[in-house]
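Student: I would like to go through this model and ask what each term rests on.

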There are 2 protein chains.
Amino acid sequence: MELEVYFKFILSFGLILIAARIGGELAERYLKQPPVLGELVAGIIISPFALGLLISDPIILKDVVVELPPALQALGYHEMKPLEFISQVAVIVLLFVAGVETDVRSFLRYGLTGAAVAVGGVVLPFAFGYLITRAFFPDIGTAGWLFMGAVLTATSIGITVRILMDMGRLATPEGTTILVGAVIDDIIGLVILSVVVSMAEPGAQISIASAVRTGAIGFAVWFGLLMIGVRFGHYISRFLLQPFRRSGTIPIFALIVGLILAYLVTLVDLHPVVGAYVAGLVFAATREKEEIVEHTRPIMLFLAPFFFAYLGMQVDLRMSGLAWLVGVILIVGATLGKIIGCALPAKFVGRLSNSGAMIVGIGMVPRGEVGLIIAGAGFLAGAINRELFAVAVVVSIFTTLITPAMLKPLFRRREMIPSPPAR
Amino acid sequence: MELEVYFKFILSFGLILIAARIGGELAERYLKQPPVLGELVAGIIISPFALGLLISDPIILKDVVVELPPALQALGYHEMKPLEFISQVAVIVLLFVAGVETDVRSFLRYGLTGAAVAVGGVVLPFAFGYLITRAFFPDIGTAGWLFMGAVLTATSIGITVRILMDMGRLATPEGTTILVGAVIDDIIGLVILSVVVSMAEPGAQISIASAVRTGAIGFAVWFGLLMIGVRFGHYISRFLLQPFRRSGTIPIFALIVGLILAYLVTLVDLHPVVGAYVAGLVFAATREKEEIVEHTRPIMLFLAPFFFAYLGMQVDLRMSGLAWLVGVILIVGATLGKIIGCALPAKFVGRLSNSGAMIVGIGMVPRGEVGLIIAGAGFLAGAINRELFAVAVVVSIFTTLITPAMLKPLFRRREMIPSPPAR
């Protein structure tokens, strides 16, 4: 039966989840680290380049590339990966739940600080990425250098959100600043990405006008949805959610709306996680907030570890010496760029304490999935070669790996110093 | 970016879920029917043969067939459908939760009755299916006639479980008899399937020995797992579940075990839902039962409507007059065969009341996904043509559609007649 192939994918899905769960438990219990770190490392261990190599089956623990039918190829969609698809659903559900758990009023209060942090966190890493790549890979051309700069500008909200959630710190001033900053950062990052992709096309010109337009539309949609949620939360409760009160499916319905909004924002060139997160924010302003969190959290807890283990599975640590060297330098540049570029605005615009500003700076360090998406786009567009792609992946993963270790002691130190209450 | 294709699949997923949810609400509120009926009809309405036709995009509301890479084609796996894959995960989660919610002690108590019901429910429908198809399609050959018989023997636990769950009747004597009967029925059905598939292959012989072996192994594995759960539930709690107590992920871990067991039983030719269901039974015998149900139910409530809407989307109602006629006769035969074949053993072996025996008989009527799987296998093996395949699909769907309508009044009548307490 053809169905057998699904059951093997389900086995793969189950094995990755179980590895993630065990990794998360070990990290939390014995290393006193956030579970997400263990999930990433578990992914690296079971990846097709490590443990997965030992399993001869072409599906189990492998990243099967599936060819799409001719009707879709005509539209420019050539292939898909079943497990990557699930990982995309997982990150959308993760960001939706993060949105619902957000304290919307403080989100608005930290808007200005978040914007300043985002801009600071884009300028420095972009410059570092461009200059470092240019120094070591002079042959790769302007588009390639710009791409590596763009990879370093991205911020993965996923990792930091998860750490903040695990520590119950999502609703602190630092947590909200990071979230706002990361969302705005994402919009800026996607504008840069569009510009760089259009540059990489043969004979293309940089169109400042279209870049500005993409950014303006994206920001307007995001801000508009946020305002609708805050202003009309009462009507959303009454007309969108209440009809599902009787069958007890309000939370499920809200999550479905999040999935659909995640798609809709891609129509204005935003990344779907932005849509899922804003959908969450919309429901965070309704009376049903607690109910939605309670029933969508189990779905998130089920899927999110899969996403992080899947990220880990993308790392192939067998690279040349030069690539490793550039990788290490880029990791340092990416880390310092974000810490300096984000901590300074957090301190002087947001008036956070020194340790608070450091938490924001470090919280913006992980590139995670957004870095991977930009790197993948550059690779597909031919702007960077396979080795530089591997470097970009390693940078994305390592900035993600080191963040929990750097963030956790800061939170612990803050707990010991008497400080004004965080909420 | 290639990722766009995922976002379209996510939109499709979201749209199907929203249609299912709205259909379920309408059925429940205005037609006083179980939500599952509305979900199936919503699926028929948005199917690629109805509303889906109006949408020009080749992904949205379409059943995209994706080609697998050469390494997998060499193993006999040629294609997959992304949405069908999710529907398989959904039915596995559904059966897992059904298993955990089962009252295991009464499960054992009703074992004999369940076996008698299963055998009765196989013999009559198989004979009807074989004879009716032989009368109307004399050219199609023995393998084809046997296949249509096999389609009619299958029982979809999914639908009935869902109805019983919605009504809170899963733990009644009738509910348990149906569940036990359907599980044993499934094992018998798969033995018949293996025999018929081997007959359909060119120049093949019927091997009674291999058929008996498949059945014996399947039954032994199923019974063995069930016994392990009941006998060693205490140890399962202590060594498998308790390590995940601290992070609060016991329910998620249990569900992951369910996914993996669903795969493992396919290695002895059982359908994965049997594995998921038995995994649920194993955990139903542990102290963590309530906790597992509480946190896996939201995941099931999120996914199950997708499965039923997806089933509905498979129906193409544009068929020839003869096909419709045979379809109607087969529906009558399939319904009467199961009602008579199951109600009599339920009454005389299980000593249920008249209305209780009728509930069991009607509860075994839906073919649902199991009927579709057998029909698909027959179509792929070349034993039945495309038209007969469509007939088999219609029979599977219609027996499923009519069950809630027949079952609901019986439960209502029983409530009015004073009877001994059901639990």
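Tutor: Helix H2 of chain A is mostly covered, since eleven of its twelve residues are buried. This is a predicted model.

Student: Which residues of H2(A) are buried?

Tutor: The buried residues in H2(A) are A:Pro35, A:Val36, A:Leu37, A:Gly38, A:Glu39, A:Leu40, A:Val41, A:Ala42, A:Gly43, A:Ile44 and A:Ile46. A residue counts as buried if 20 or more other C-beta atoms lie within 10 Å of its own.

Student: How do you know that the span of H2(A) agrees with its number of residues?

Tutor: At 1.5 Å a residue, the twelve residues 35–46 should span 16 Å. The end C-alpha atoms of H2(A) are 17 Å apart, so the span agrees.

Student: What should helix H1 of chain A span, and what is found?

Tutor: The 27 residues of H1(A), residues 4–30, should span 39 Å at 1.5 Å a residue. The end C-alpha atoms of H1(A) are 38 Å apart, which agrees. H1(A) is also mostly covered, with 20 of its 27 residues buried. Just after H1(A), A:Lys32 has a positive phi of about 55 degrees.

Student: Why is A:Arg351 called exposed?

Tutor: A:Arg351 has 11, so A:Arg351 is exposed. A:Arg351 sits in the loop between helix H15 (321–348) and helix H16 (354–363) of chain A. Its phi is near 55 degrees, a positive value in a residue other than glycine.

Student: And what makes B:Arg351 exposed?

Tutor: B:Arg351 has 11 other C-beta atoms within 10 Å, and is therefore exposed. In chain B, B:Arg351 is in the loop between helix H15 (321–348) and helix H16 (354–363).

Student: How do you know that the radius of gyration of chain A agrees with a compact globule?

Tutor: With 423 residues, a compact globule would have a radius of gyration near 22 Å; chain A has 21 Å, so the two agree. The C-alpha atoms of chain A fill a box of roughly 60 × 55 × 50 Å along the principal axes. Chain A has 18 helices and two strands, and 59% of its 423 residues count as buried. Of the contacts in chain A with a separation of 6 or more, 77% are between residues 24 or more positions apart.

Student: Why is the relation between the chains called a two-fold axis?

Tutor: Chain B can be laid on chain A by a turn of 180 degrees and a shift of 0.0 Å along the axis, with an RMSD of 0.1 Å. That is the relation of a two-fold axis. The same surface serves both copies, as 100% of the contact residues of chain B recur in chain A.

Student: How many residues are in contact between the chains?

Tutor: 62 residues of chain B are in contact with 63 residues of chain A. H1(B) gives the most to the side of chain B that touches chain A, with 16 residues. By class, that side has 45 nonpolar, eight polar and nine charged residues.

Student: Which residues have the most contacts inside the largest nonpolar core?

Tutor: They are A:Ile10, A:Ile92, A:Val93, B:Ile10, B:Ile92 and B:Val93, in a core of 311 residues. Leaving aside neighbours within four places in sequence, B:Ile92 is in contact with residues including A:Ile10, B:Leu259 and B:Ala262.

Terms used: Residues numbered from 1 in each chain as written. Chains lettered and ligands numbered in written order. Predicted model: local features only at pLDDT ≥ 70, side-chain atom pairs only at ≥ 80, totals over all residues. Contact = placed C-beta atoms within 7 Å. Helix = DSSP H or I, 4+ residues; strand = E, 2+ residues; numbered from the N terminus. Nonpolar A, V, L, I, M, F, W, Y, C, P; charged D, E, K, R; others polar. Expected span 1.5 Å × (residues − 1). Least-squares fit on C-alpha atoms with pLDDT ≥ 70 in both. Rg over C-alpha atoms; globule rule 2.2 N^0.38 Å. Core = buried A, V, L, I, M, F, W, Y, C linked by C-beta atoms within 7 Å.
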